[in-house]
Amino acid sequence: MSGTVGSAYSRRAAEYTDLFGSVSAAHPSDRQLVTTWAGGIDGSVIDAGCGPGHWTQFLADLGLSARGVDLVPEFIERARAEYPGIPFEVGDLEELGCEPGAAGGILSWYSLIHHEPGSIRGPLAEFHRALRPGGTLLVGFFEGPVVERFDHAVIPAQRWPVAGLSAELVAAGFEVIESHVRKTVGERPQAAIIARRADAA
Ligand SMILES: C[S@@+](CC[C@H](N)C(=O)[O-])C[C@H]1O[C@@H](n2cnc3c(N)ncnc32)[C@H](O)[C@@H]1O
């Protein structure tokens, strides 16, 4: 699955970057949410599924030690060129390339949307492993009343109810701290969950 997702984004990396590769293109409430969440992070942060790296730079601008990981070499090349002070690596959400407990925070901003419900536990287990106890995860995703596949512009994606994704997070060892849903006429409903690694190391 990740090979298919990677090649679909590789083909459209330039187009994606032009359309979405800027934090100023994001909704103001998303910038606010990421800013507030980042303010509570103790330690370094991984932007997991960073795409062209704009949120990674945003986190660095907030004073965090930030690193970006993405499947797609074209995104990583672009991110390295655009934001030379930040480490970016090609990698998978299931293998973030850090020691256990190394991260104080993980941002997964719309990077889990292509995982089928049956495969989402892999990356959630890796996020849990990579976070220090008490570290927090911010997940952005498309919201819907049931878990359901839809035709995303790049490759089909899944929408999740907040309760459904929260249950997966709890099963993976997280405590859900807060959730947000935004419904705007003419747009897909969007949501975010902040969850904390609840257990001892
Ligand atoms: C919708 S884009 C979001 C990119 C970026 N976070 C943003 O907000 O613009 C989804 C991203 O997740 C990445 N991705 C999806 N599955 C992945 C996986 N298994 N491992 C690493 N990255 C993945 C894709 O390559 C793509 O960059």
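Predicted model: local features only at pLDDT ≥ 70, side-chain atom pairs only at ≥ 80, totals over all residues.
1. Seven strands make up an open sheet with mixed pairing, and their order across it is β3-β2-β1-β4-β5-β9-β8. At the edges stand β3 (88-90) and β8 (174-182); each has a single partner strand, so one side of each lacks a neighbour in the sheet. On average, and with direction ignored, neighbouring strands are turned by 15 degrees against each other.

2. Strand β4 and its cover. In the order of the sheet, β4 sits between β1 and β5. The strand spans residues 103-109 and is mostly covered, with seven of its seven residues buried.

3. Pairing of β4 with β1. Strand β1 (residues 44-48) runs parallel to β4, and four bridges join the two. One place to look for this pairing is Asp47, whose bridge partner in β4 is Leu107.

4. Pairing of β4 with β5. Six bridges connect β4 to strand β5 (residues 131-142), again in the parallel sense. Here Ala103 has Leu131 of β5 as its bridge partner.

5. The link from β4 to β5. Helix α6 (residues 121-130) takes part with β4 and β5 in a β-α-β unit, which is right-handed. The helix also packs on the sheet: α6 touches β1, β4, β5, β8 and β9 (190-197). The direction of α6 makes about 145 degrees with that of β5.

6. Helix α7. This helix covers residues 162-171 and lies across β5, β8 and β9. Relative to β8, α7 runs at about 160 degrees.

7. Glu168. Apart from neighbours within four places in sequence, Glu168 is in contact with Ile120, Arg121, Leu124 and Trp160. Of these contacts, Arg121 and Leu124 fall within the residue range given for α6.

8. Thr56. Which residues does Thr56 touch? Leaving out residues up to four places away in sequence, they are Asp47, Cys50, Ala66, Arg67, Gly68, Ile86 and Phe88. Thr56 itself lies in helix α4 (residues 54-61). Its relative accessible area is 0%, so Thr56 is buried. Asp47, one of the residues touched by Thr56, is also the residue bridged to Leu107 in β4.

9. The ligand. How many residues surround the ligand? There are 21, and the closest are Tyr16, Gly49, Asp70, Leu93 and Trp109. Asp70 has a polar side-chain atom 2.7 Å from an oxygen atom of the ligand. Trp109 places a backbone N or O atom 2.8 Å from a nitrogen atom of the ligand. In the side chain of His54, an N or O atom is 3.3 Å from a ligand oxygen atom.

10. Where the ligand meets the elements above. Trp109, one of the closest residues to the ligand, belongs to strand β4 (residues 103-109).

Definitions and conventions
Residues numbered from 1 in each chain as written. Heavy atoms only, no water. Buried < 20%, exposed > 50% of the residue type's maximum accessible area, 1.4 Å probe, protein only. Pairing = 2+ DSSP bridges. Right-handed = clockwise from strand over helix to strand, strands pointing away. Axes fitted to C-alpha atoms, helices over the stretch in contact; angles between N-to-C directions. Contact = heavy atoms within 4.5 Å. Near = heavy atom within 4 Å. Polar contact = N/O pair within 3.5 Å; in protein donor to acceptor, adjacent residues only side chain to side chain.
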